[in-house]
Amino acid sequence: MRSEDRQDRAVLKELNQKLKPEGVRLKFWYYDVSPFTEADKRVIPIILSHTERLHSDKNKIFLLSALGVRGYDEAVPALVDEYKFYNDNRYSEPLDELLLLDLCDTIARIASKKHIDLYVELLRMPPTTALASIIKMLGKMKISGADEAIFNLIERENKIPQAWIGKPNEEDKYWCSLNALEYMIDKRDAKYRGYIQKFLHPEELDWIRFSESEYRKANYASCYKKYIALAQKGLSGLE
């Protein structure tokens with residue numbers, strides 16, 4: 001076992017000693033359901049202080065996922081900082097997509113209304129597919145403070161791993177775009193009618209591009225189909 005792994009396990013052991021009163025023993029895995037409740041907020045600073053000492057980004061993200069509890073507003077800045085750091089300094093491989101999604105899903109489960117400014121910061125960074133969780137969260141919260149930042153994603157590609165270029169997965173570079181367009185559509189506001197109509201003919205949108213490969217034609221067809229379906233849904237909702 002590497003020295004860094006041993007050190008991380010020692011931090012985890014120390015953390016679990018502190019969490020004994022809650023009857024919870026954490027592990028280095030992703031918590032899609034937190035073992036804590038809103039009444040356990042005292043664990044937030046304990047977990048945050050211990051995750052700061054971890055060497056492994058993955059272990060850190062796994063432990064932070066245990067804070068995905070509605071009302072854990074205090075945890076959001078640390079989650080946002082970890083997303084920003086990982087997006088700027090680590091992102092390159094397909095596994096990184098999942099780790100960023102873990103962070104965004106954790107933020108979305110907290111669903112704090114106190115940190116709209118931090119969500120806007122995330123939305124203004126080079127986007128990743130994981131931001132779809134933030135867009136959907138904001139749509140459910142019906143808070144308009146992030147509208148401009150979300151709408152600016154509609155005509156943009158999001159980052160994808162280099163390994164996906166020229167493959168069927170390349171289509172995922174428009175995942176944020178599709179989710180941002182759906183966010184607009186769900187507002188059911190007639191002032192967006194003209195803009196939404198453009199997506200009935202996505203072949204006329206020159207910002208949608210795929211690299212030369214055997215999958216290029218299929219990627220265009222599949223991508224166009226999704227935009228058209230969203231546009232039809234949006235326009236029918238305005239009738």
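**Stop 1: helices H4 and H5**

Select H4 and H5 and look at how they cross: the crossing is left-handed. Left-handed here means that the near helix is turned anticlockwise from the far one by less than a right angle; clockwise would be right-handed. H4 covers residues 76-89 and H5 covers residues 94-110. Helices (H or I, at least four residues) and strands (E, at least two) are DSSP runs, numbered from the N terminus.

This is a predicted model, in which local features need pLDDT of at least 70 and side-chain atom pairs count only at pLDDT 80 or more, while totals for chains, interfaces and linings use all residues. Residues are numbered from 1 along each chain as its sequence is written, and side-chain values use heavy atoms, with hydrogens and water left out.

Now check the geometry. H4 and H5 pack at an angle of about 160 degrees, and their axes are 10 Å apart. Axes are lines fitted to C-alpha atoms, for helices over the stretch in contact, and angles run from 0 to 180 degrees between N-to-C directions. H4 and H5 are therefore roughly antiparallel. The cut-offs: under 35 degrees is roughly parallel, over 145 roughly antiparallel, 65 to 115 roughly perpendicular, and the rest oblique.

Show the side chains between them. From H4, pick Val-76, Leu-79, Val-80, Glu-82, Tyr-83, Tyr-86 and Asn-87. In H5 they meet residues including Leu-99, Leu-100, Leu-103 and Ile-107. Contact means heavy atoms within 4.5 Å. What kinds of residue make up the contact of H4 with H5? They divide into 11 nonpolar, two polar and two charged. Nonpolar covers Ala, Val, Leu, Ile, Met, Phe, Trp, Tyr, Cys and Pro; charged covers Asp, Glu, Lys and Arg; the others, Gly among them, are polar.

**Stop 2: Ala-75**

Select Ala-75, in the loop between helix H3 (57-64) and H4. Buried or exposed? Ala-75 is buried, because its relative accessibility is 0%. Buried means under 20% relative accessible area, exposed over 50%, partly exposed in between (1.4 Å probe, protein chains only). Leave out residues up to four places away in sequence, and Ala-75 touches Ile-44, Leu-48, Leu-67 and Ile-110.

Next, draw a distance from the C-alpha of Ala-75 to that of Ser-177: 28 Å. The two are 102 residues apart along the chain.

**Stop 3: helix H9**

Ser-177 is one of the buried residues of H9. Select residues 175-185 to see this helix, where nine of the 11 residues are buried. Among them are Cys-176, Leu-178, Tyr-183 and Met-184. What covers them? The cover includes helix H7 (131-141), helix H8 (147-151), H10 and H11.

**Stop 4: the aromatic rings**

Show every Phe, Tyr and Trp. There are 11 aromatic pairs in the structure. Rings (for Trp, the six-membered one) pair if their centres lie within 6.5 Å; planes under 30 degrees apart are stacked, over 60 edge-to-face, the rest tilted.

Select Phe-199 and Trp-207: edge-to-face, 6.3 Å centre to centre, 65 degrees between the planes. Trp-207 lies in the loop between H10 (193-197) and H11 (216-236), and Tyr-227 in H11, so the pair ties together parts 20 residues apart in sequence. Tyr-227 counts as buried because its relative accessibility is 0%.

Ring pairs link Tyr-174, Tyr-195, Phe-199, Trp-207, Phe-210, Tyr-220, Tyr-224 and Tyr-227 into a cluster.

**Last stop: the whole chain**

Zoom out. The chain has 11 helices and zero strands. Of its 239 residues, 51% count as buried.
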